[in-house]
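This briefing is organised by topic and is to be read alongside the sequence and the coordinates.

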Amino acid sequence: MAARDSSRVFAALGDPTRLRLLAKLGEGNGSSIASLTAGSKLTRQAITKHLGVLRKAGLIRGRRRGRERLFALQPAALDRARRSLDDISRQWDEALVRLKALAER
Amino acid sequence: MTASSTDRIEKRIEIDATPARVWRALTDHREFGEWFRVKLESPFVPGRHTRGRITYPGYEHLTMDVLVQKMEVERLFSFHWHPYAVDPKVDYSKETPTLVEFVLRPSGTGTLLVVTESGFDAIPAARRDEAFRMNSGGWVEQIRNIEKHVANA
């Protein structure tokens with residue numbers, strides 16, 4: 001089960017700056033740190049740090065192109081995180097049906 | 001019965017039993033264990049941990065650990081826990097737990113029970129409003145937006 005991955009993904013997503021970075025990365029095939037820094041109030045160093053957290057959570061992947069590194073979204077990791085939340089939601093549904101049955105017995 | 005938004009899961013269920021009866025099913029650790037499928041070792045006490053083995057088929061190797069927050073008789077029962085702590089090899093104690101709240105309200109001759117589990121995005125409450133304003137609603141929605149975006153690309 002990918003529970004450990006999910007908790008890391010949840011933690012990575014718990015930050016508005018990283019969410020904005022993800023949304024930006026979702027728009028293209030790959031973005032460089034320079035292009036992500038442009039039009040942002042954040043420093044290159046700060047963006048590099050956030051990208052590191054996203055990369056460790058498996059949400060993005062980096063590849064080299066010449067002297068640059070391009071980062072791209074990994075949609076599968078987002079899908080897994082959403083599914084794990086759906087699982088928790090379903091487990092509650094099932095548990096509450098059992099609670100109802102017990103209390104009404 | 002389902003309503004999910006932002007970082008929380010919310011469930012509502014009408015139970016044809018008095019709030020007193022529902023309260024007992026929620027807060028008596030043996031009754032809780034029966035419907036939640038866990039064999040708890042000790043009663044729930046605010047500020048204390050209660051632990052036990054999961055009895056749900058396929059998950060028997062797991063331990064449940066909740067830290068009870070509030071017990072307001074027949075009104076509110078809440079605890080912190082790690083909802084996705086399902087890998088026995090991992091120490092989850094350093095990760096931010098979610099908060100589970102059971103709110104009871106009399107409804108006709110029965111009880112309306114509202115259960116919420118919140119904190120999946122681990123944004124401190126003080127920063128949450130600001131974060132939500134910027135994201136127009138938590139990361140769950142954001143994920144859906146990004147996924148939709150990617151699917152259409």
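In chain A of this predicted model, residues 24 or more positions apart account for 57% of the contacts with a separation of 6 or more. Of the 105 residues of chain A, 31% count as buried.

**Secondary structure of chain A**
- Chain A contains 5 helices and 3 strands.
- Read from the N terminus, the order of its elements is α-α-β-α-α-β-β-α.

**Strand pairing in chain A**
- Strand 1 (residues 31-32) of chain A runs antiparallel to strand 3 (residues 68-73) of chain A, and 2 bridges join them.
- Within strand 3 of chain A, Leu70(A) is the residue opposite Ser32(A).
- Strand 2 (residues 60-65) of chain A also pairs with strand 3 of chain A in the antiparallel sense, here over 6 bridges.
- Arg65(A) has Glu68(A), in strand 3 of chain A, opposite to it.
- The hairpin of strand 2 and strand 3 of chain A has 2 residues between the strands, and Gly66(A) in this hairpin takes a positive phi near 65 degrees.

**Helix packing in chain B**
- Two packed helices are described by the angle between their axes and the distance between the axes.
- For helix 1 (residues 19-27) and helix 2 (residues 29-36) of chain B, the angle is about 80 degrees and the axes are 5 Å apart.
- The two helices of chain B are therefore roughly perpendicular to each other.
- Helix 1 of chain B contributes Arg24(B), Ala25(B), Leu26(B) and Thr27(B) to the contact, where they meet Glu31(B), Phe32(B) and Trp35(B) of helix 2 of chain B.
- The residues of this contact divide into 4 nonpolar, 1 polar and 2 charged.

Note on methods: Residues numbered from 1 in each chain as written. Chains lettered and ligands numbered in written order. Predicted model: local features only at pLDDT ≥ 70, side-chain atom pairs only at ≥ 80, totals over all residues. Axes fitted to C-alpha atoms, helices over the stretch in contact; angles between N-to-C directions. Helix = DSSP H or I, 4+ residues; strand = E, 2+ residues; numbered from the N terminus. Parallel < 35°, antiparallel > 145°, perpendicular 65-115°, else oblique. Contact = placed C-beta atoms within 7 Å. Nonpolar A, V, L, I, M, F, W, Y, C, P; charged D, E, K, R; others polar. Buried ≥ 20, exposed ≤ 12 C-beta atoms within 10 Å, placed from the backbone. Pairing = 2+ DSSP bridges.
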